[in-house]
Amino acid sequence: MSLTDYRTALTAPGARGPVITSLLGRLPIAMVGLALMLYVQRQTGSFAAAGLVSAGALIGVACGSVAQGRVMDRVGPTIPLYVMSGVFAALVTIEVVVIELHAPVALMTALAFLVGISEPMVGPASRALWGRLLPPGPARDAAYSYEAISMEVFFILGPGLAGLMVAMPWPGTGVVVGAACMVVGSVGFASTRAARSHRPEPTPDAGGSLLGAIASPGMRTVALAALGFGILIGFVEVGVPAAAVAAGHPTAGGLLLSLLSVSSVIVGVAYGLRPWPRPMHLRLPALLFGFAVLLTLLAVPSTLWGLCLALLVAGSLITPQSTAHSVAIEIAAPAGTATEAFGWVVTSVTLGAAIGQSISGQLVEISGPTASFLTASAVGVVVAGILWLRRGTLVPATSRADLSLAGN
């Protein structure tokens with residue numbers, strides 16, 4: 001790829017509307033859940049209650065992304081996005097009312113799950129649309145890289161925005177603003193000509209298994225890579241704010257996390273121009289292993305300034321991984337399941353983040369942030385090892401045939 005390929009992708013006929021509206025729809029993707037958690041904590045005074053509500057929303061997102069993706073693969077994105085945007089707006093309204101009334105935590109958690117499952121999945125829909133707008137080649141790969149870069153920027157900036165908005169006169173501001181952006185962006189994307197004209201053709205592979213896209217061994221490997229990545233991000237999202245609190249600057253946690261996006265975007269664009277390792281079956285384990293090793297740097301600094309520098313270095317491999325996950329779908333997903341396949345990536349990252357956050361929270365309470373960072377690194381190395389053992393599932397069939405002939 002080259003920078004020209006990025007320009008070609010983003011200026012392709014029919015791309016401008018989806019690009020702009022999908023950006024608005026994805027901006028709060030990592031903001032709504034955290035804003036909801038902070039809102040509940042302010043209203044109830046309980047981190048335990050806030051954690052349960054946040055977990056409910058994350059699990060809902062994990063379930064909804066795959067289900068919505070499968071439907072979009074069959075009927076296109078417009079109708080599902082319209083329907084889910086309306087349902088999501090209604091459920092967020094009910095959740096806010098319930099929180100304001102100090103309802104039982106069980107009710108708030110159940111509603112948070114429904115809020116999460118109804119979040120309109122504009123991200124997978126946007127990613128799948130590039131297969132229609134661009135032919136296979138560098139420009140399409142650049143489009144997938146752009147999708148990953150924008151998604152990761154929002155995943156990192158979301159906590160910072162949520163932390164700023166919870167400090168406003170009404171702590172529910174972040175929830176409402178995030179939900180409004182998501183609804184407006186999703187409806188706008190669904191209304192674009194490119195989305196409305198998208199009519200997927202059924203294929204034998206798309207409906208060949210009740211498991212859908214995840215029936216493919218290669219897709220299971222991609223999902224595992226995304227799960228491991230999400231776990232490590234979850235550790236960091238708890239460990240960094242905990243380090244800020246320990247340093248006497250509790251409000252700096254969200255801003256520190258935003259530093260990850262600086263090096264992530266810069267290195268992500270450069271890495272897209274010259275990816276290494278080039279074969280995808282080697283790239284996924286190598287990137288996760290490298291990220292895990294870099295996380296050990298977060299355990300070294302004794303000051304917040306040192307942690308800032310470590311975050312800039314560690315963040316350099318975030319976007320390259322997300323880009324690799326997106327491009328790997330081209331190799332691993334059965335025909336006709338592109339939207340659902342990306343839904344599995346979102347699900348895996350979300351579940352991984354939930355796992356990482358829960359384990360990291362316990363470690364921080366017991367041993368402090370350093371133990372959390374070192375454990376994250378160890379987990380990443382283990383998952384990278386498993387990916388290495390499964391690397392054969394991402395070797396294209398033609399390449400395996402060539403290797404077999406060479407061996408003979």
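Helix 5 and helix 9 of this predicted model are roughly antiparallel to each other (a class given to angles over 145 degrees, whereas those under 35 count as roughly parallel, 65 to 115 as roughly perpendicular and the rest as oblique), because their axes cross at roughly 165°. The axes of helix 5 (residues 78-100) and helix 9 (residues 173-191) come within 9 Å, where axes are lines fitted to C-alpha atoms over the stretch in contact and angles run from 0 to 180 degrees between N-to-C directions. Helices here are DSSP runs (H or I) of at least four residues and strands (E) of at least two, numbered from the N terminus. The crossing of helix 5 with helix 9 is left-handed, the near helix being turned anticlockwise from the far one by less than a right angle.

In the contact between these two elements (heavy atoms within 4.5 Å), helix 5 contributes residues including Leu81, Tyr82, Phe88 and Val96, which face a set in helix 9 that includes Val176, Met182, Val187 and Phe189. By class, this contact holds 14 nonpolar, four polar and no charged residues, with Ala, Val, Leu, Ile, Met, Phe, Trp, Tyr, Cys and Pro counted as nonpolar, Asp, Glu, Lys and Arg as charged, and the others, Gly among them, as polar.

Helix 9 also contains Cys181, which is buried at a relative accessible area of 18% (buried being under 20%, exposed over 50% and partly exposed in between, with a 1.4 Å probe and protein chains only). Apart from its neighbours within four places in sequence, Cys181 is in contact with Leu24, Gly25 and Pro28. The C-alpha atoms of Cys181 and Glu237, 56 residues apart along the chain, are separated by 23 Å.

Helix 11 (residues 217-246) and helix 17 (residues 369-389) have axes that come within 9 Å and cross at roughly 175°, and these helices are therefore roughly antiparallel as well. Among the residues that meet are Leu224, Ile231 and Phe235 in helix 11 and Phe373, Val379 and Ile386 in helix 17; the contact divides into 16 nonpolar, six polar and no charged residues.

An unreviewed UniProt entry places the feature "transmembrane region" at residues that include 170-190 and 370-389, although such annotations may be inferred rather than shown by experiment. Residues 170-190 are 86% helix and 0% strand, with end C-alpha atoms 31 Å apart, while residues 370-389 are 100% helix and 0% strand, with end C-alpha atoms 29 Å apart.

Residues are numbered from 1 along each chain as its sequence is written, and side-chain values use heavy atoms, leaving out hydrogens and water. Local features need pLDDT of at least 70 and side-chain atom pairs count only at pLDDT 80 or more, whereas totals for chains, interfaces and linings use all residues.
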